[in-house]
Amino acid sequence: MSEVLTSSVEADLARYGAMTRDALSLYVPDMEPRRHLWDLVAEYPGRGGKAIRPALCLATAVAFGGEVDEALPSAAALELLHNAFLVHDDIEDASLLRRGRPTLHAEHGVPLAINAGDALVVLAGSALRDNRRRLGSRLASRIGDEFDLMARRTIEGQARELGWRRDGVCDLEPDDYLDLIMHKTCWYTTIHPLRVGALIGSLGRVDLDPLVRFGFYLGAAFQIRDDLLNVVGDEAKYGKESCGDLYEGKRTLMIIHLLRQARDDDRRAVERFLAMERPQRTPGDVAEMVELMRHYGSLDFTRAFGLGIAEAATDAFEVAFAAVSDSPERRFLHDLIAWMLERDA
Amino acid sequence: MERPIVPDREPFDPLAGLRAMADAQRRGLETAAAVVERMLELSRQSARGQFPFPLPAEPVDGSNGDGADATGDPGREVRRLRADAERLLELLGESVRVLFDLAADAAEAGVDGQNGIADELLLGPAAPGTPAVGRVWLHVLDGPPGAPARLNATAFTAHDGAAIEARAASFEPPLLDTFALRSSQEVLIAVQVPEAATPGVYHGHILAAGLPEVGLPVRIEVAG
């Protein structure tokens, strides 16, 4: 991807992100108790982030004929819920870094962090209800259903992954991994913002299935890229703990490939590693897993596997946006595919 | 049958490595396509069954996935039947062709043109010589897709017979020619209060040509 396109996409992302943060800030009360609640609630949204979800929602709404203002409450609701998920995920995963800084529970303790996460969920509901004023009750209700479906899918995916880790599940296929991230990641990162944006822009007239396909391919390729960056990326650029997924025992595509390819002692070493609790996993253990991944070609396999899905995303975009006339928003969405799949941060 | 994952590196054979990469790429595409099509089919099945949510691929609550609890809890089946019945009633309640929707703050009132139960759209207070404005949302719930609907108004009359003529009302957009099934449209309504209008309350209706069941009561307050 050229530097010009990269900077154009990043400028648009920054613009959509700023709009969403402005809208989102309207829902965070400026009142007591600040120190123990509302300051914590504002913490993750204030750290920035790529704003991919709201950008997808807002740009899709405009591309399909709507106005940015019509989609802002939905974008803010999604971003608030996303931040709630992050707070709770960080606790569940015992993560140490988020967007280049200590996680909320690491800074403020688990009880206050959980409570702040709960508050973010409640605020997301407030933002969502604003759709009634702007879009009328029918469309707002439809978006509410979409929101519930998205939240449920995400929570189901999270439960499945946590369950795999708790139960030491190792007999997994790439199909299991994709099914997991369809639920856990793709629905709320790409599919939901695209569907809601298209619903708003078209006033409910668009067929959503092609957007599910495009959203899934895009989200899956993005997640696979994220998994790779977690192992081989630059922590300073990436903003998360290097090899954090390995420390957490996540069943990424690389680990699944390694489990199926490793022989004898190597496979047993991987299984032992995955059976450990996070605090038991040392930097040496993690380095051994990375070395095994390199040895068995798990990183290269994952790259190639992701590339196949990325190509499908490009084709699926043309189908999903076939009836959408050319516009800056449509071009942004098209360019976003390459940006998401070639990023290093 | 378990499908082996092809190793991506073969010592002494660089072409084998390339083939392995191509295979991994193809496998990524095929596996992802299978996953997304499975999800879409699941959603279609769920929609046909009128469940509020698509069913999870694997029941997570100990049930066997067919609506009955694995432990044989008959209450679960009753609850499901009740939910289906409620959904059916909800669908019957949507049989009106077009629904007006007053966008008045959080207290929203639906107006059902079929059974005559209607809240009023309040315009004003507006001084003589100025417009009384408001907006409504229209939602097409049933009917031929793309059917145009031109909005118009009756005269607005007060208790003492004073009237504001129908032509004082205007609509933006005036012709809902892009109105499609299951779509929503915001409409701005303005009634120009004549200079000579006497203060008081005027009542009238907004109608939609081609949609005989639809009528929205309107109340205009003219300030003194």
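I began with helix H18 of chain A, residues 328-342. It has 15 residues and reaches 21 Å from its first C-alpha to its last, close to the 21 Å expected at 1.5 Å a residue. I keep in mind that this is a predicted model.

I then looked for a bend. H18(A) bends by about 25° at Leu336(A). Leu336(A) is also among the buried residues of this helix.

What do the buried residues of H18(A) pack against? I found four helices of chain A: H1 (3-25), H4 (52-63), H11 (209-232) and H17.

**Entry: Ala313 and the cores**

Next I looked up the nonpolar cores. The largest has 115 residues, and Tyr217(A) and Ala313(A) have the most contacts inside it. Helix H10 of chain A, residues 174-202, gives this core its largest share, 14 residues.

I listed the contacts of Ala313(A), leaving aside its neighbours within four places in sequence. They are Phe214(A), Tyr217(A), Leu218(A), Ala221(A) and Ile337(A).

I moved to helix H16 of chain A, residues 283-295. This helix has 13 residues and spans 18 Å from first C-alpha to last, close to the 18 Å expected at 1.5 Å a residue.

Which residues of H16(A) are buried? I found Met289(A), Leu292(A) and Met293(A). Seen down the axis of H16(A), the buried residues fall within an arc of 105°, so they line one face of the helix.

Then I asked what covers the buried residues of H16(A). The cover includes helices H13 (244-247), H14 (253-261), H15 (264-275) and H17 (298-320) of chain A. H17 also packs against the buried residues of H18(A).

Just after H16(A), I noted a positive phi of about 75° at Gly297(A).

**Entry: chain A as a whole**

Last, I stepped back to the chain. Chain A has 18 helices and two strands. Of its 345 residues, 53% are buried. I also looked at contacts in chain A between residues at least 6 apart in sequence: 79% of them join residues at least 24 apart.

Methods:
Residues numbered from 1 in each chain as written. Chains lettered and ligands numbered in written order. Predicted model: local features only at pLDDT ≥ 70, side-chain atom pairs only at ≥ 80, totals over all residues. Buried ≥ 20, exposed ≤ 12 C-beta atoms within 10 Å, placed from the backbone. Contact = placed C-beta atoms within 7 Å. Expected span 1.5 Å × (residues − 1). Arc of directions from axis to C-beta. Core = buried A, V, L, I, M, F, W, Y, C linked by C-beta atoms within 7 Å. Bend = angle between axes of the 7 residues up to and from the residue.
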